[in-house]
Amino acid sequence: MSVPLADRVIRLAYDPGISPQGGGLPGLAVLKNVVNSINMFGIIAVVGALAVSLGVWAWGHHTGGHQAEANGKKGAVVAAGAALGLGAANGIVAFFSDLGSQVH
């Protein structure tokens, strides 16, 4: 038995009344601490990756190893992009969460 289109639209428009709220579950502070630590670990790893990539780039340039030079450049760009993503993670999630909360 098929459901009429109007009933399907009404079901889509139903607001369940759910919104993010802090303090609802125990351990929220611990979870935030774990995520902050993971983010810091990622940033430290990116610093190491950037240093290695820049070293490979310089080594490839000075030895005439064009493949090593190209790989060093790619690594540096990827590390910079990862640093951008890790640093902007809170802002990106907040932006899209705010944008999503405006959908009615």
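This is a predicted model: local features need pLDDT of at least 70, side-chain atom pairs count only at pLDDT 80 or more; totals for chains, interfaces and linings use all residues.
**Whole chain**

Start with the protein chain in cartoon view. The chain holds three helices and zero strands, and from the N terminus on its elements run α-α-α. Of its 104 residues, 10% are buried.

**Helix α2**

Select residues 28-63, which form helix α2. This helix has 36 residues. From its first C-alpha to its last, α2 reaches 52 Å, close to the 52 Å expected at 1.5 Å a residue.

Next, step past the end of the helix. Gly64 follows α2, and its phi is positive, near 80°.

**The pair α2 and α3**

How do the axes of α2 and α3 cross? They come within 7 Å and cross at roughly 160°. Because that angle is over 145 degrees, α2 and α3 are roughly antiparallel to each other. Their crossing is left-handed. Sorted by class, the contact of α2 with α3 has 14 nonpolar, seven polar and two charged residues.

**Buried positions of α2**

Which residues of α2 are buried? Select Gly42, Val46, Ser53 and Gly60 to see them.

With 3.6 residues a turn, residues three or four places apart in an α-helix point the same way.

**Ser53**

Zoom in on Ser53, which has its place in helix α2. Its relative accessible area is 12%, and buried means under 20%, so Ser53 is buried. Now show what surrounds this serine. Not counting residues up to four places away in sequence, Ser53 touches Gly72, Gly75 and Ala76.

**Glu69**

Move to Glu69, in helix α3. Is Glu69 buried or exposed? Its relative accessible area is 15%, so Glu69 is buried. Leaving aside neighbours within four places in sequence, its contacts are Val56, Trp57, Gly60 and His61. Gly60 has already come up as one of the buried residues of α2.

**His61**

From Glu69, go to its contact His61, a residue of helix α2. What is the accessibility of His61? The value is 49%; exposed means over 50%, so His61 counts as partly exposed. Then pick the C-alpha atoms of His61 and Gly72. These two residues are eleven places apart along the chain, and their C-alpha atoms are separated by 9.4 Å. Gly72 is also among the residues that Ser53 touches.

**Ser19**

Finish outside the two long selections. Where is Ser19? Look in the loop between α1 (5-13) and α2. Ser19 has a relative accessible area of 54% and is therefore exposed, in contrast to Ser53, which is buried.

Technical notes:
Residues are numbered from 1 along each chain as its sequence is written. Side-chain values use heavy atoms; hydrogens and water are left out. Helices (H or I, at least four residues) and strands (E, at least two) are DSSP runs, numbered from the N terminus. The expected span of a helix is 1.5 Å times one less than its number of residues. Buried means under 20% relative accessible area, exposed over 50%, partly exposed in between (1.4 Å probe, protein chains only). Axes are lines fitted to C-alpha atoms, for helices over the stretch in contact, and angles run from 0 to 180 degrees between N-to-C directions. Angles under 35 degrees count as roughly parallel, over 145 as roughly antiparallel, 65 to 115 as roughly perpendicular and the rest as oblique. A crossing is left-handed if the near helix is turned anticlockwise from the far one by less than a right angle, and right-handed if clockwise. Ala, Val, Leu, Ile, Met, Phe, Trp, Tyr, Cys and Pro count as nonpolar, Asp, Glu, Lys and Arg as charged, and the others, Gly among them, as polar. Contact means heavy atoms within 4.5 Å.
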